[in-house]
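This report describes one protein chain, shown below. It covers the core, the aromatic contacts, the strand pairing and the backbone.

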Amino acid sequence: LPAYRSSSPVPVCTIIMPSTHTFAPHTIECPFETYVDVYLARFPTHKLFPFILESNIDEDVHDKDTNVRRIKRTVKLDVDAPGWLKKLSGLHFSVFHEETVIDYASRTMHIVTLNETFSNKLQMRDETRYSVDPSNSECTVFVQTGTVEFLVTMLGFQGKLEDYALGLYKSRFDESRKLDALMLQWYKDTHHGESFPTLAAETVSIQVGLEPGSPNAVMVEAVL
């Protein structure tokens, strides 16, 4: 029998792995329990985090036997995009789901955040693990990992788009560390100078907001 030859080219399946980045461990110079309080203080909203437009607790369970607290919340965030793009797309905020597990016995906190907005097209996952610095029990260390994956075909551009979105994610890392420092200063001030190790003296001045001139943008300065 003659060999069958197809006139159609054999389809090539290209597998694109999600774009992932893990930041180097970062040390926060305060005790673990203090940082947990500082982190939770940004919810439901806080003046230092104006891009958190709204947040609601969906579940808050504290197991007294294991001393583990599990918090699930829905967070509405200002969209990190120019005003013209917001108007064009009609998207002015994004919704994320966050699950925080605090193990007070082992002094660890694990936070996972997933996007609800565009979740049928794009998956954004942020995972952060906090623990006591093994070299200094009065400090907290954390490791943060971000993953971006398009769930629909973007005409071969999904890899580049994932890298672009991940690049934006990386650019926010340093700003978030400054916000952490400002929140620690705020905590120290509001708790009447509670003693814990602080960063070297430095004046930090940043715009807390996602777009210059935005009504949500706030300039904050503090001496740390």
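Which residues have the most contacts inside the largest nonpolar core? In this predicted model, they are Ile28, Tyr35, Tyr39, Phe49, Met109 and Tyr130, in a core of 27 residues. At least two residues of this core come from each of H1, strand E4 (68-78), E6 and helix H3 (158-190). In soluble globular proteins, nonpolar side chains tend to be buried together.

**Overall content**

The protein chain has three helices and 10 strands. Their order from the N terminus is β-β-α-β-β-α-β-β-β-β-α-β-β. The chain has 224 residues, of which 38% count as buried. Of the contacts between residues at least 6 apart in sequence, 53% join residues at least 24 apart. The accessible surface is about 13400 Å², and carbon and sulfur atoms account for 57% of it.

Helix H1 spans residues 32-40 and is largely enclosed by the rest of the structure, because seven of its nine residues are buried. The buried residues of H1 are Phe32, Thr34, Tyr35, Val36, Val38, Tyr39 and Leu40. Two of them, Phe32 and Tyr35, are touched by Tyr130. Leaving aside residues up to four places away in sequence, Tyr130 also touches Ile28, Arg107, Thr108, Met109, Ile111, Thr140, Val141 and Phe142. Tyr35, Tyr130 and Phe142 make up one aromatic cluster.

**Aromatic pairs**

Four aromatic pairs are found in the whole structure.

| Pair | Centre to centre | Angle between planes |
|---|---|---|
| Tyr39 and Phe43 | 5.6 Å | 70° |
| Phe49 and Phe51 | 5.6 Å | 70° |

Tyr39 and Phe43 are both buried, and Phe49 and Phe51 are buried as well. The ring of Phe43 has a further neighbour: Arg73 lies over its face, at 3.9 Å from the ring centre.

**Strand pairing**

Strand E7 (residues 122-132) runs antiparallel to strand E6 (residues 108-115), and seven bridges join the two. Within this pairing, His110 is opposite Arg129 of E7. E6 and E7 form a hairpin with six residues between them, and Phe118 in the turn has a positive phi of about 60°. E7 is also joined to strand E8 (residues 140-150), again antiparallel, through 11 bridges. Here Glu127 stands opposite Thr145 in E8.

**Backbone exceptions**

Most residues other than glycine have a negative phi, and most peptide bonds are trans. Where does the chain depart from the trans form? The peptide bond from Phe43 to Pro44 is cis, with omega near 0°. Pro44 belongs to the loop between H1 and strand E3 (52-63).

Positive phi values occur in loops as well. Asn67 is in the loop between E3 and E4, and its phi is near 60°. With a relative accessible area of 29%, Asn67 is partly exposed. Arg107, also not a glycine, has a positive phi of about 55°. Arg107 sits in the loop between strand E5 (93-103) and E6, and its relative accessibility of 24% makes it partly exposed. Arg107 is also one of the residues that Tyr130 touches.

Terms used:
Residues are numbered from 1 along each chain as its sequence is written. This is a predicted model: local features need pLDDT of at least 70, side-chain atom pairs count only at pLDDT 80 or more; totals for chains, interfaces and linings use all residues. Side-chain values use heavy atoms; hydrogens and water are left out. Two strands pair if DSSP finds at least two bridges between them. Helices (H or I, at least four residues) and strands (E, at least two) are DSSP runs, numbered from the N terminus. Buried means under 20% relative accessible area, exposed over 50%, partly exposed in between (1.4 Å probe, protein chains only). A nonpolar core is a set of buried Ala, Val, Leu, Ile, Met, Phe, Trp, Tyr and Cys residues joined through side-chain atoms within 4.5 Å. Contact means heavy atoms within 4.5 Å. Accessible areas come from the Shrake-Rupley method with a 1.4 Å probe; for residues, only the protein chains shown count as cover. Rings of Phe, Tyr and Trp (its six-membered ring) pair if their centres lie within 6.5 Å; planes under 30 degrees apart count as stacked, over 60 as edge-to-face and the rest as tilted. A charge sits over a ring if NZ of Lys or CZ of Arg is within 6 Å of the ring centre and within 35 degrees of the ring normal.
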